Amino acid sequence: MTSDVPVFTENNFWKLATELLNRISQSNGETDTIRNILLTIKSFTRFDAVAIRLQKGEDFPYYVTKGFSDEFVAHEKFLCAKSIDGKIARDQDGKPVLECMCGSVISGGTDAGKPFFTAAGSFFTNSTTKLLASTPAEDFQTSTRNRCNQEGYESVALIPLRQKNEIIGLLQLNHQQQDAFTLTMIEFFEQLGNAIGLALRQQTKEEQLHQAQKLEAVGRLAGGVAHDFNNILTAINGYAEMLLAGLPADDPMAEDIGMIFEAGQRAASLTEQLLALGRRKAAQTKTLAMNEILERARKMLGRILGDKINLRFELSDDLWPVNADPGHIDQVLLNLAVNARDAMADGGTLFVGSENTPEGVLLTVADDGGGMNEETRQRAFEPYFSTKQKAGSYGLGLSTVHGLVSQNQGSIEIGSELGAGTTVKIYLPRAEEKIETVPPAAVATSSGTETILLVEDEATVRMFTKRILEKNGYRILEAAEAKEAIEVFARHQNQIHLLLTDVIMPNMNGRELYESLQTSVPDLRVLFMSGYSADILAPNGVLDSSIHLIEKPFTAKDLVQRVRARLDQN
């Protein structure tokens, strides 16, 4: 029941501002900060209901509410208008249309000439009943829902939350009693809204810095481990593959060796994910038609999801091209599909969609599984964080996706609620270049008789590589490090057709070796090998198309095909 006396007076302004500053300084993270802000405002003002909306993707849903009924929050949570086909409605500039007075304040569509708008862009009224009865619909400058009035709230104020000149959300104050606000009070809350916006901006920066530092630490660890570990895996997987190829299918040893090979492949996949989430895996970008990548992945996704889960595609016909690594996009789709499958153990639907937006090309992947609570959603991209209880879950799926999207100059958002599924939105920048239609090179044969200078400091990898290439007819000159390679090259430079070199080696790396040998033979062909080479071959995270690299651990088939293809290139 509401009071007959003023709820909040100007005498309490300073006390509220001081208490908010104390609460903000003691808060831990964005969620904690917002909850503390709202609870403090509710406690001091004694307004019947208060809420904060914050931007999430293209919408501005309620982030925290206090005092509103569950039915009210469910009905009013989102502001984006929807078209008949269920997609977000947009204006002539391609921006989403935000409904209700909240949408008008957030979009900056207020007219200070109207008595219910302020010069700073807020809305307030001390009687929603009188306002609706006396104001033509067109004066509201938006499509109103009138839910506040229907719920009995007479005094309503909507205060924009700003970060510099950008509106990131709003503070909503509702009270059933009339005449709860004065203009001076609204001006106070406008100043408070600016302060809250700056506080949230600082919290966001600190959280982003903390997350970046964690990813940097993981990336450094992954980079350090990956080189040695992938050398070991190249030998393990390579020799296991060779043994399997030489055994009859019914040989009792074939199953055991197959298990060794499978374990090696899983270890290689784990290392690759570590490199990806730490942004230490070089991106080999091309100008792509995203829909073609998605269509090619359709069959793969179907196999991963199984029979219980339906797969629904909605792809825009006029989608813009993007610059991205097709392998990275496949990995992103794979990880998201696995997560969705685990969230829909009893079946459901996985939605994959694409469309053009002002922020770029949008890829949406959504499931109707169990969803996540807000605390889990906030931690979804953290390395090693997982809610899965089953063995083999490392908590790298979504953090890997985050790393890959960032490395392709994109951004990613995740929205989820318990019982309402999860939606992941990935924005990739629009490419201005024409789409590259590069078909896979057809390799008629993998064998040859050319001479190859093999440079590899890891003996087991060098022996395996030499054995595979000699088996396919090539003549191999080998060296264990760069200095020895230069000496071998000096004796045989007129016979050498290809330099096949590791990248990370003591004293002189593979790139430096190649550049040194080029002074004698400028058109020398090279194929680099590495388990981790981003800092040397792709310091900006993107591998130049002129650089030819085979990543460890590679299979015998991959090796001979890449060598043959490189030798056949002009």
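User: What makes Arg298 and Glu295 a salt bridge?

Analyst: Their side chains meet at 3.1 Å, N to O. The rule asks for a side-chain nitrogen of Lys or Arg within 4 Å of a carboxyl oxygen of Asp or Glu. The pair therefore qualifies as a salt bridge. Both residues lie in helix H9, 3 residues apart, about one turn of the helix. Helices here are DSSP runs of H or I with at least four residues, strands are runs of E with at least two, and both are numbered from the N terminus.

User: What kind of model is this, and how are residues numbered?

Analyst: This is a predicted model: local features need pLDDT of at least 70, side-chain atom pairs count only at pLDDT 80 or more, and totals for chains, interfaces and linings use all residues. Residues are numbered from 1 along each chain as its sequence is written, and side-chain values use heavy atoms, with hydrogens and water left out.

User: Why is Arg298 called partly exposed?

Analyst: Its relative accessible area is 32%. Buried means under 20%, exposed means over 50%, and partly exposed is in between (1.4 Å probe, protein chains only). So Arg298 falls in the middle class. Glu295, at 40%, is partly exposed too.

User: How do you know that Asp342 and Arg341 form a salt bridge?

Analyst: The N to O distance between their side chains is 3.4 Å. The limit is the one already given, so the pair counts. Asp342 is partly exposed at 27%, and Arg341 is partly exposed at 28%.

User: Where in the chain do Lys552 and Asp502 lie, and are they buried or exposed?

Analyst: Their side chains meet in a salt bridge at 3.1 Å, N to O. The pair links distant parts of the chain, 50 residues apart. Lys552 sits in the loop between strand E17 (549-551) and helix H17 (556-568), and Asp502 sits in strand E15 (residues 496-502). Both Lys552 and Asp502 are buried. Elsewhere, Glu71, Arg147 and Glu151 are linked in a network of salt bridges. The count by this rule is 13 salt bridges.

User: What makes E10 and E12 paired strands?

Analyst: Two strands pair if DSSP finds at least two bridges between them. E10 (residues 360-367) and E12 are joined by 7 bridges and run antiparallel. So they pass the test. Thr364 has Lys425 of E12 as its bridge partner, and Val361 has Leu428. Strand E11 (residues 411-416) also pairs with E12, antiparallel, over 6 bridges. There, Ile414 is bridged to Val424. In the hairpin of E11 and E12, with 5 residues between the strands, Gly419 takes a positive phi near 80°.

User: Why are E7 and E11 at the edges of the sheet?

Analyst: The open sheet has 5 strands in the order E7-E9-E10-E12-E11, with mixed pairing. Strand E7 (309-315) and E11 each have a single partner strand, so one side of each lacks a neighbour in the sheet.

User: How many helices and strands does the protein have, and how much of it is buried?

Analyst: It has 17 helices and 17 strands. Buried residues make up 50% of its 570 residues.
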